[in-house]
Number of protein chains: 4
Amino acid sequence: MSSLSSSSSSPVIATLLVSCRDRTGLVAALSDFVFRNYGNILDADQHADAETGLFFMRLCWDLRGFRLERSEISTALGDLAGRFELGWEITFSDERARVAIIASRTPHCLYDLLLTHQLGELGGDLGLVISNHADLAPVAGHFGVRFVHVPVDPADKLAAEAAHQRLLDEEKIDLVVLARYMQILSPAFVARWPGRIINIHHSFLPAFVGSKPYHQAKERGVKIIGATAHYVTSELDQGPIIDQDVCRVSHRDDVEDLVRKGRELERQVLTRAVRSHLARRVLISGNRTIVFG
Amino acid sequence: MSSLSSSSSSPVIATLLVSCRDRTGLVAALSDFVFRNYGNILDADQHADAETGLFFMRLCWDLRGFRLERSEISTALGDLAGRFELGWEITFSDERARVAIIASRTPHCLYDLLLTHQLGELGGDLGLVISNHADLAPVAGHFGVRFVHVPVDPADKLAAEAAHQRLLDEEKIDLVVLARYMQILSPAFVARWPGRIINIHHSFLPAFVGSKPYHQAKERGVKIIGATAHYVTSELDQGPIIDQDVCRVSHRDDVEDLVRKGRELERQVLTRAVRSHLARRVLISGNRTIVFG
Amino acid sequence: MSSLSSSSSSPVIATLLVSCRDRTGLVAALSDFVFRNYGNILDADQHADAETGLFFMRLCWDLRGFRLERSEISTALGDLAGRFELGWEITFSDERARVAIIASRTPHCLYDLLLTHQLGELGGDLGLVISNHADLAPVAGHFGVRFVHVPVDPADKLAAEAAHQRLLDEEKIDLVVLARYMQILSPAFVARWPGRIINIHHSFLPAFVGSKPYHQAKERGVKIIGATAHYVTSELDQGPIIDQDVCRVSHRDDVEDLVRKGRELERQVLTRAVRSHLARRVLISGNRTIVFG
Amino acid sequence: MSSLSSSSSSPVIATLLVSCRDRTGLVAALSDFVFRNYGNILDADQHADAETGLFFMRLCWDLRGFRLERSEISTALGDLAGRFELGWEITFSDERARVAIIASRTPHCLYDLLLTHQLGELGGDLGLVISNHADLAPVAGHFGVRFVHVPVDPADKLAAEAAHQRLLDEEKIDLVVLARYMQILSPAFVARWPGRIINIHHSFLPAFVGSKPYHQAKERGVKIIGATAHYVTSELDQGPIIDQDVCRVSHRDDVEDLVRKGRELERQVLTRAVRSHLARRVLISGNRTIVFG
């Protein structure tokens, strides 16, 4: 009997993410692993990509009555992984991911993340908010979240990044959310956080890569604008897309209107993407994502 | 070696739909049944409804190399069903469902279904088109589909329904699609086709039940109109909803504009619902549906 | 030269709303009135409703260089109104409407209105927030807006309404926004604020009138949920609709998911409706609205 | 008394499109022109673009009782145009534009345009369908529209274009609609039809310019795909956008699914754009459009 599941009133749920070459018997082998050990499967999703020949699975089960301790689960999964050449990752619902938000001056995405967190719907714990400006300190304070002002010296951006890294280590952060940070991170920093930095880009990528996308959108005369949440990679605005959304605009909308309408999209899309990531619904496959619904 | 899978160039796929009380081990038992018999699972979806305590699963596998003949599959599933008290239904991709469309005078839904069929994307075979008017005969003819004119005598509607039933039997129809038929079917007819008649209602149900929903929508001043595809039950416009869609309207739209905009919705929603049904993605649970994506 | 336009750095804009029986020459007469007096028309929208025979117009012009003082404008419009039997209302961009928000315990709509106001995009001044609970006092405080706790005694609801009315008078409020207030206002109170109370209903009206609309939506098995902002009239959830929006849901969404998804809709739709009202884009015609884009 | 308005049972409507430098008095001058001559304004839209300083207006009025004959209207407008330096164009509802469709092999856009025409909702007359393949001849035939097969010799594309031009002249065509024609037109041909060729591009431009946009979309892993109707200019996929629409996709959708979902978008967006153009709702301003609603 697992002491972990008994330590909490609501049941602890294990979530296993798997990716590997597709082959016969994977679904049965994985679900049988859970069943044989008296776990009750709550949710199972899988995707076999015909083009790449890869297989992805997300399996959630209730740990109440499960025969294996967490360390034993890892050992057993290690065996399965050897047999099927699996990439895998397991998380437990009572070990919540820790999140840092890096913002600049614009408040809308920050408010949305903080309010979602306050409502208990983010799916992780907010460790701190970092910003290169002091403006948003009262916002973090209002929600009772630590705020650290890390100014960025254009002549020495790496110093700010070193400060970021120290703070993220100190707070044991698992996920970094760029809530309209507006600064480009160095390849070295990005490389330290693969698949663990989420950015919101204020356009429907791949349209309008780079800066001032609303100006670009106005210039091109599009009738729909969008926002895109993606994992950050070393190539600007080219990382795997997690979520996107759009809204209709017209000739009546000037750039300020696009900015205002875009804000609604940005905050919704970013919060949705962060929630999907923290619910372990996102798998990365090359430069694309599988997002289980 | 299955003779069925070798009889065709593209692989035959078995699709199993299951509904039952939720209990531990269902996913493992069902996926293990496929795996033990050397089937390769292509798609698996399940849903456990916390409120009703019911479990639903859709399991697709490739029959190439599967050890059991179709008759043996049914016997084996019968055993499983007894053990777990399953409701189940299995279909094979080389035994396509046969579809009848019943229309009246408006052509848009009919064209959409016929064109989708011609493009090979409906997922079933069109047996015939029935209408209470002769107007659409050339449309069916253009697409090479049998058309039968069954006039409805208001004084004896059951005579028309008897003619319908004879035609549906004759063509061995599995699914009846009401493509803006505009006549109410008798409870007796509906009872003969449980979960096998799909209707398109030209509103966002449950708003605007009954006739002239666009007039009702104009009268109420809504800013969004919709269309709803649902299974027909004995209660008018109350059957399980399969799909819905909406579009934005304004004070500028008069009833004719609503009708025109609504047509786009109707045909898309109806065709999508029929495709979902024929792909065996829809399970009925009481007065609701589970539609696997 | 108007002293009004010179008192401010950004130009003062006059917005005229007109409704009347449709007749020849209305557009010309109204635009000519502006032109003859050296006003520059910035925006003009009109709508002739074929069904009711009514005409609606919204006309905005720059007051710089306009020959008439505000009092003279009113006199001149009074003359025109007599000639064409116009209903009319004129507002000036430097006389901002004053808004009160009445909330209960749920914070999302309140945050959205307060943040929109802080960003300078609401189009009016926030006088105060009233609530029947004290929970949201810190939210109002964070944004520097007055908060008044007016408990509601179920045995004497009119006492609370009397307190509301005193506060609204004291703050010279023009528009009351019910941000998920969850209490039904008395007909007498509503009658005192015709076309000046905006409510957010958490369903796609007219579907799911009344309480617990998300439970109703789950029960009916709809595939799309919505939210509706409307003017409050004495009939519950029957007032003129200003704006609506919807999002897609599935069998996977339980009532809590519907509530969460619905919150996004509620706050967007309510804020949009309030912005439209304050920008003088909404005219009421019977139980419907004309919302100029 | 105009002989034109009396020649038809439904009233003839004049639609004037104007573009010019913005200046005071334009709306009044133009609406006064109609009013002084006893015309009844049915619809008036205008847009002043703050960025470019340009003004656009669309004015519709009923010709019943209008004092001026059509030739006199042109003379009078010529005078106004001289005074205000207007670009202008007037059309009359009884002189319907003539439309040619150029298609290739894919039928969905063609069906949509032909059915819309048959329902009397296109707003113009279909002169003929041209295609570089014979496949769609029966489709045109079914709707009673002339079909001409003009094969394209890759070694001499100009010969096909010359044939097109002859057919368009012969049929007195005003608007050319490329309904998934898939061939690039020569700059010379395009130059002969400025603002009068509408193309449907199967992506959300400016994302995925050029060929195989659905493959590009799959490759990039976007979560939303789109379609764009635009005027054809000499730069590929760079012309003024008239309309766009999008739909959601996921990792489950392979390229074939994107193609199928995209078809729905393409036909809707193309037909909407053609209807907007034929209703004289579209004005071109540089590389952008104003589309009056």
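Predicted model: local features only at pLDDT ≥ 70, side-chain atom pairs only at ≥ 80, totals over all residues.
The strands concerned belong to an open sheet of four strands in chain A, with the order β2-β3-β1-β4 and antiparallel pairing. At the edges of the sheet stand β2 (40-49) and β4 (87-92) of chain A; each has a single partner strand, so one side of each is left without a neighbour in the sheet. From one strand to the next, the twist averages 10°. Strands of a sheet pair through backbone hydrogen bonds, in either a parallel or an antiparallel sense. Within the sheet of chain A, strand β1 (residues 13-21) and strand β3 (residues 54-62) pair in the antiparallel sense over nine bridges. In this pairing, Val18(A) stands opposite Met57(A) of β3(A).

Chain C likewise contains an open sheet of four strands, for which the order is β2-β3-β1-β4 and the pairing antiparallel. The edge positions are taken by β2 and β4 (87-92) of chain C, and because each has a single partner strand, one side of each is left without a neighbour in the sheet. With direction ignored, neighbouring strands of this sheet are turned by 10° against each other on average. Strand β1 (residues 13-21) of chain C is joined to strand β3 (residues 54-62) of chain C by nine bridges, and the two strands run antiparallel. Ser19(C) has Phe56(C) as its bridge partner in β3(C). Helix α3 (residues 70-84) of chain C lies across β1 and β4 of that chain, at about 160° to β4(C).

Salt bridges were examined next. Side chains of opposite charge can pair when their charged atoms come close. Over all chains, a search of the whole structure finds 104 salt bridges. One of the pairs is formed by Asp94(A) and Arg70(A), whose closest N and O atoms are 2.8 Å apart. Asp94(A) lies in the loop between β4 and β5 (98-103) of chain A, whereas Arg70(A) lies in helix α3 (residues 70-84) of chain A, so the pair ties together parts that are 24 residues apart in sequence.

The interface of chain C with chain B involves 34 residues from chain C and 35 residues from chain B. The area buried between these two chains is about 2,900 Å², and carbon and sulfur atoms give 53% of it. On the side of chain C, Arg220(C), Lys223(C) and His251(C) supply 25% of the area buried against chain B, more than any other three residues. Six salt bridges are found across this interface. Asp243(B) and Arg248(C) form a salt bridge in which the closest N and O atoms are 3.4 Å apart. Between chain C and chain B, 22 residue pairs are in polar contact, with both residues at pLDDT 80 or more. Four elements of chain C, namely β2 (40-49), α8 (213-220), β11 (241-248) and β13 (288-291), each supply at least two residues of the side that touches chain B. The largest share of that side comes from β11(C), with seven residues. By class, the side of chain C that touches chain B divides into 13 nonpolar, eight polar and 13 charged residues.

The interface of chain D with chain A was described in corresponding terms. Here 34 residues of chain D are in contact with 34 residues of chain A. Together the two chains bury about 2,900 Å², 53% of it on carbon and sulfur atoms. The residues of chain D that lose the most area to chain A are Arg220(D), Lys223(D) and His251(D), which together account for 25% of what that side buries. The count between chain D and chain A is six salt bridges. In one salt bridge between these chains, the side chains of Arg248(D) and Asp243(A) meet at 3.5 Å, N to O. Polar contact joins 22 residue pairs between chain D and chain A, both residues being at pLDDT 80 or more. In chain D, the elements giving two or more residues to the side that touches chain A are β2 (40-49), α8 (213-220), β11 (241-248) and β13 (288-291). Of these, β11(D) gives the most, with seven residues. The side of chain D that touches chain A has 13 nonpolar, eight polar and 13 charged residues.

Terms used: Residues numbered from 1 in each chain as written. Chains lettered and ligands numbered in written order. Heavy atoms only, no water. Contact = heavy atoms within 4.5 Å. Buried area = accessible area lost by both parts, 1.4 Å probe. Salt bridge = Lys/Arg side-chain N within 4 Å of Asp/Glu carboxyl O. Polar contact = N/O pair within 3.5 Å; in protein donor to acceptor, adjacent residues only side chain to side chain. Nonpolar A, V, L, I, M, F, W, Y, C, P; charged D, E, K, R; others polar. Pairing = 2+ DSSP bridges. Axes fitted to C-alpha atoms, helices over the stretch in contact; angles between N-to-C directions.
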